[in-house]
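Thanks for coming. I will show one structure and then walk through it slowly, starting with a single residue.

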Amino acid sequence: MIEEKIIQDKFKPLNEKINEINTIYGDNLAKELIDRINLTLNQFFNDFEKISSDSFNMYWERIGKI
């Protein structure tokens, strides 16, 4: 299980950078950046889920043949 403190520590630099961008360039650009990060993360998790599922299925197919 992922600990909350680890998540906060890992994302602290990213959050600080987003806040800096928000301060310098404004809310619209910061929101666009967050939307792009969100889209990238969602795609990563979707790809990870598909690859993991395929790998799991191949494993059980091999086990079934043994």
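Start with D9, which counts as partly exposed because its relative accessibility is 45%. Buried means under 20% relative accessible area, exposed means over 50%, and partly exposed is in between, with a 1.4 Å probe and protein chains only.

Before going on, a word on where this comes from. This is a predicted model, so local features need pLDDT of at least 70 and side-chain atom pairs count only at pLDDT 80 or more, while totals for chains, interfaces and linings use all residues. Residues are numbered from 1 along each chain as its sequence is written, and side-chain values use heavy atoms, with hydrogens and water left out.

Back to D9. Which residue does D9 form a salt bridge with? The partner is K5, and the closest N and O atoms are 3.1 Å apart. A salt bridge here is a side-chain nitrogen of Lys or Arg within 4 Å of a carboxyl oxygen of Asp or Glu. In general, side chains of opposite charge can pair when their charged atoms come close. D9 and K5 are separated by about one helical turn, because they are four residues apart in helix α1. K5 has 53% relative accessibility, so K5 counts as exposed.

Helices are DSSP runs of H or I with at least four residues, strands are runs of E with at least two, and both are numbered from the N terminus. By that definition the protein has two helices and zero strands.

Helix α1 covers residues 4-25, and I7 is in it. I7 is partly exposed, at 33% relative accessibility. From I7 to N28 is 21 residues in sequence and 26 Å in space, C-alpha to C-alpha.

A second pair in helix α1 is E20 and K17, three residues apart, about one turn of the helix. Their salt bridge has its closest N and O atoms 3.8 Å apart. E20 is partly exposed at 40% relative accessibility, and K17 is partly exposed with a relative accessible area of 45%.

Now helix α2. E32 and R36 are four residues apart there, so about one helical turn separates them. Their side chains meet in a salt bridge, at 3.0 Å from N to O. E32 is partly exposed, at 37%, whereas R36 is exposed, at 54%. How many salt bridges are there by this rule? The count is six.

Next, the end of the chain. I66 is found in the segment after α2, which runs over 27-65. Is I66 buried or exposed? With a relative accessible area of 84%, I66 is exposed. I66 also belongs to a nonpolar surface patch with F56, Y59, W60 and I63, and together they have about 590 Å² of accessible area. Accessible areas come from the Shrake-Rupley method with a 1.4 Å probe, and for residues only the protein chains shown count as cover. Patches are made of residues with over 30% relative accessible area and no salt bridge; like charges are joined within 9 Å, and nonpolar side chains (Val, Leu, Ile, Met, Phe, Trp, Tyr) within 5 Å.

Last, the whole protein. Its C-alpha atoms fill a box of roughly 60 × 25 × 10 Å, taken along the principal axes. Of the 66 residues, 5% are buried.
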